[in-house]
Amino acid sequence: MIEQFTHFFSILINLISSPTNIIILFVASFLGIIFGAMPGLTATLGVALLTALTYSLGADTALLGLLGMYVGAIYGGSYPAILINIPGTPAAAATAMDGYPLTQKGLAGKALGLTTTASFIGTIIGLLFLVTLSPLIASLALQFTSWEFFLLALLGIILSGSLTSPDLVVKGWIAGLIGLLLATIGRDALQFFPRYTFDVPELDSGLEIVPVLIGAFGIPQVIRALTNTHHVKPPIFTGSILPELKSITRNIKHIFRSATIGVGVGAVPGVGEDIAGWVSYSTAKKTSSKAQQAEFGKGSETAIVSSETANNACVGGALIPLLTLGIPGSPPAAMLLGALLLHGITPGPSIEIDHPNFLLEVTAIMVLASFAMWANGLLLAKQVIKVLQLPTALFIPVVGVLCILGAYALNLNMFSLYLMIPIGIVAFLLGEMKFPISPMVIGLVLGGMADESLRRALLLSEGSFMPIFERPVALLLVLVMTVFILAQFSWFKRLFSFEGKK
Amino acid sequence: MQNKTMDANKGRQYDFKFMLVLLCVLGGLLKITLSFPMSGSYGGVENQWYVSPALFPLVLLILLILCCLSLLVTAIKQGGAQEFLSISGWLGNKDNQQVRERWLIIALLIAYVYVYIPSTDFYLATGLFVSTLTSVFYLKLARAKSVVIVLNSMAVLGLILIRSSLNQDPSLSLLDINANDQSILWCDVFTTCVLASIISWQALMTNKLNRSQFGIQLIAVLIVPLLLIIAFSFLLFVPMPVEYGSVINVLNWLAYEQLGL
Amino acid sequence: MKNVVYLFCLTLALVASSSHAKREYPTRPITNTVVWSAGGGTDAINRMLMAEMAKELDVRINVVNKTGGVAGSIGMNAVLRKRADGYNLVGLSSSNVVAAVNGGWTQKFDVWSPFIVGSSPDVVSVPYDSPYQTLEDLIQASKNKALKGAAGGVGGIHHIYLLELQKASGADFKYIPYPGSAPSQTAAITKEVDFVVTSMAEQAALLRGNKLRPLAMLHPDPYTLEGVGEVISAFDAYPSLSERLPLSQAIGFAVNKKVPEAVKTKLIEAFNKAMNSSKVKDWAMKNHYQLSGLSGQLAEQEFARLESIFTWTLDDLGANKLSPSKFGIPKP
């Protein structure tokens, strides 16, 4: 263990002793934040771009750039989410729910500072898991068969039931179900049967998350910001960006829980940062006191800390199956796999044979990347807030153009735009009718997984539901779900508080 | 308090209408879903009820219909069925300025994405889009709305006319990206004229007081899109939608032939 | 004011029309649109090869991803509509040949002039502690109780390999579809399925890390994997496999067939040089790819063969929308 530590530090020192490395690290991290902050440009695209640029560099230096980019981009998505209520990446969608209300109260700086530090702590905790528990987590991730995937998706859907409408509860359910239904568009994964494609080849591969996300959040925001009759400018923020220690310690419980959720969700192959943010947000809400719960959606500190810690902790989580099994845990991790292959490194169980200490090296690089993100973040946050001082009527049209260009740049597909506009208009009208939009997006993210896994699981078990009760992880998921559902009923809560008093 | 119940009542009326529309759509989807293969081998996978592609959508549709009915009942109980036939109940009060402005933005977004971007150079399309918005919301010029509506309708009609008359390949629709050199050139010239008329109209209308506003606005209309396009096409290597548009051609020529990047 | 604007338009138009370079190809960056997602095999190979070809052509080659549609039809459609000037390449593999019969587009594959970089042979593997020691064990066992097998998505190359194995050996397999090779392999590790068929390139790390155990290559030659040993060929025990196999994954790129011959020659030259560079050779060996290097007419013939086998196999499965005969694709 001690030997590992000394080795770790020697790698660390080796890396930072070269000034080129430091420059690359900071530039990549900075670019990553910009990427994350632009609606539509995602971590995946950033890593892909940097892969080409770092092709001629050594593997270490390239990895420094790539991971700097990845961590930065996941964090950067929180900027537009907090400042203009348009999440820059799907991972930051949950952050917008409470970040934007804080901005309206004139606390944008505080919110940015908090998320910066929370992201930093989240990444570091994710790393701790990566170094210490990666074999254990990897073997746990291998417990995930089709049944567990289905139950995980179902749990996510049920959790999102807590993000209900300010008006009627049933409106939240309708929005969520519409999202799930949207996820079934396209070729079904099991039989390749085209569902609701209406013979449009572009619909065959289903709806892309990012154009839908930008459509659902960005376009209504553009329409509302321009036509708001009473222009209330958020008060100028004067306090310090660096959060007080108190607000961190106050939320320490949530930070640790969210980080664990982030690592767990990240480690499950194919499930990424976007889901981590939502799951953590809903869990934080469920486990908060009544008074705190009322704050959710109106600018709760706990809420933004929870979602941002989780989505950054997810990075470490996603690296676990990538490095130990060669299975990417999230879409950007898949791109990272491609980049590593390009440099002749094949992650997977054989990595310790081919490249001894590679795990330590990645950890060292991640530590540097998260420091770079933190430093860049604190420097940038102060400048970024100034955006709010620009005249809305001048700034918002440019944001609209950015949303459109970003959604196009993701896969260079005009059809994404043709889809994004109607979705944006529908989302705007739904919002006017007091339907919440977030459950729709979560439904779209989780629907495909729920559908495909359930049917595959039934195909494997030949129509029997028994395997749920024979598999430990599945049983655990069912239990958690039951508790969440029962907690909705008051008699169950009474039962609990009664026992608590005894 | 009176106002609040009025609002709630209005909300229920919208709910009622939306639920009726949604139920119609769901009914249509249900009909499609029932035509999915329920059994029999498809795609090399043997089919049972539990493998059918219809399983998940059917469950969702049934749940969704139940939820809709429950909301519909709530809405009717609270007076949502009133004013079912009035137009303002569907589109919002047309005398309300905010409502009209919102429909204007929606129409402009549709024109921008479905007509301008696929037809003409991205820079020109964006300039037109941004300048329209800034004339109405930033400069707040007199009669701005009528002027921009006329100019944008002209642009939409003109571009559709140019594209459909110069289209040589009948399999291409207007929604496909313009790839015909002649057509792109004429679309670009035409859009430039419309853009120029908007800007010159803005220049004529602004008085001394908002001269500086006009200048700042020009940055957003002319400079910012240019910077965006340079960043996207030369740093991120994202080709613009209309790849051979005039402005991007000039930029390419400058960057690669003159500067030799 | 108006006059100035018109004058500006006119100069703009003139410059625009005169700006198409008359210098020798290539003068500006080339864009390679990969129709599969970033991080996959086709993407990785294209990125690597383009970096090498860029050195030969002395321009930058940008690799972008444009996924979606039916078997990459969106990306292929978009590139085909661009000017046939050699500045737009499309990164693809043999899996794209089914786009037409699935209703993605209306073209036969011969609109492209392909360049084939290489392919990785397919291998049948079981979980490391599986009771089946040899391919014969597996096939015998399947005759008593249908064994579950994973092989990527429906109608993909690995699915076809699985079907061919089933046909040649008379085994009874139950095919479980997964969205790709990686999830199929994971399903084998978690023992959700009894065996998996994917390529050596995709499996090597799992085989060497003792997560999976190879039974046989679905390739005429045995394969020696460092740290694992020699993997025998299934063709010895089941000779009828050689009727249609091996099929090449044919990962590579293509250019519109209508590009001028001079441009094609230039591309072929650069391609050949890149394929012979030590960097590409090293990379292929390390990543378990067998290089092909076909271009021009030979590559076109290879793709025509693959198109015929893939589309007619789909037709047998009933998983296609349109009959291959509608496009004039001959039966294999």
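Q: Into which domains is chain C divided?

A: Chain C has domain 1 (27-119 + 249-327) and domain 2 (122-243), with bounds that come from an automatic or database domain assignment. This is a predicted model, in which local features need pLDDT of at least 70, side-chain atom pairs count only at pLDDT 80 or more, and totals for chains, interfaces and linings use all residues. Residues are numbered from 1 along each chain as its sequence is written, while chains are lettered from A and ligands numbered from 1 in the order in which they are written.

Q: How many residues does each domain of chain C give to the contact between them?

A: Two residues are in contact if their C-beta atoms, placed from the backbone, lie within 7 Å. Domain 1 of chain C gives 13 residues and domain 2 of chain C gives ten. On the side of domain 1 of chain C that touches domain 2 of chain C, helix α10 (residues 296-317) of chain C gives the most, with four residues. Helices (H or I, at least four residues) and strands (E, at least two) are DSSP runs, numbered from the N terminus. The C-alpha centres of the two domains of chain C lie 27 Å apart.

Q: How many residues of chain A are in contact with chain B, and of which classes?

A: For classes, Ala, Val, Leu, Ile, Met, Phe, Trp, Tyr, Cys and Pro count as nonpolar, Asp, Glu, Lys and Arg as charged, and the others, Gly among them, as polar. In this model, 46 residues of chain A meet 56 residues of chain B. α19 (392-411) of chain A is one of the elements that each supply at least two residues to the chain A side, and α19(A) has the largest share, nine residues. That side of chain A has 35 nonpolar, five polar and six charged residues.

Q: Which element of chain A gives the most to the side that touches chain C?

A: This contact takes 40 residues from chain A and 44 residues from chain C. Two or more residues each come from α3 (43-53), α16 (331-342) and α21 (438-461) of chain A. α16(A) gives the most, with six residues. By class, the chain A side has 23 nonpolar, 14 polar and three charged residues.

Q: How is the packing of two helices described?

A: The angle between the axes and the distance between them describe the pair. Axes are lines fitted to C-alpha atoms, for helices over the stretch in contact, and angles run from 0 to 180 degrees between N-to-C directions. Helix α2 (residues 19-37) of chain A packs with α3(A) at about 140 degrees, their axes being 9 Å apart. α2(A) is therefore oblique to α3(A); angles under 35 degrees count as roughly parallel, over 145 as roughly antiparallel, 65 to 115 as roughly perpendicular and the rest as oblique. The residues of α2(A) that meet α3(A) include F35(A).

Q: Is α3(A) mostly buried or exposed?

A: A residue is buried if 20 or more other C-beta atoms lie within 10 Å of its own, exposed if 12 or fewer, and partly exposed in between, with C-beta atoms placed from the backbone. Ten of the eleven residues of α3(A) are buried, including G46(A) and L50(A). The buried residues of α3(A) pack against elements of chains A and C, among them α16 of chain A and β2 (61-65) of chain C.

Q: Why is helix α7 of chain C described as largely enclosed?

A: Helix α7 (residues 200-208) of chain C is so described because nine of its nine residues are buried, E202(C) and R208(C) among them.
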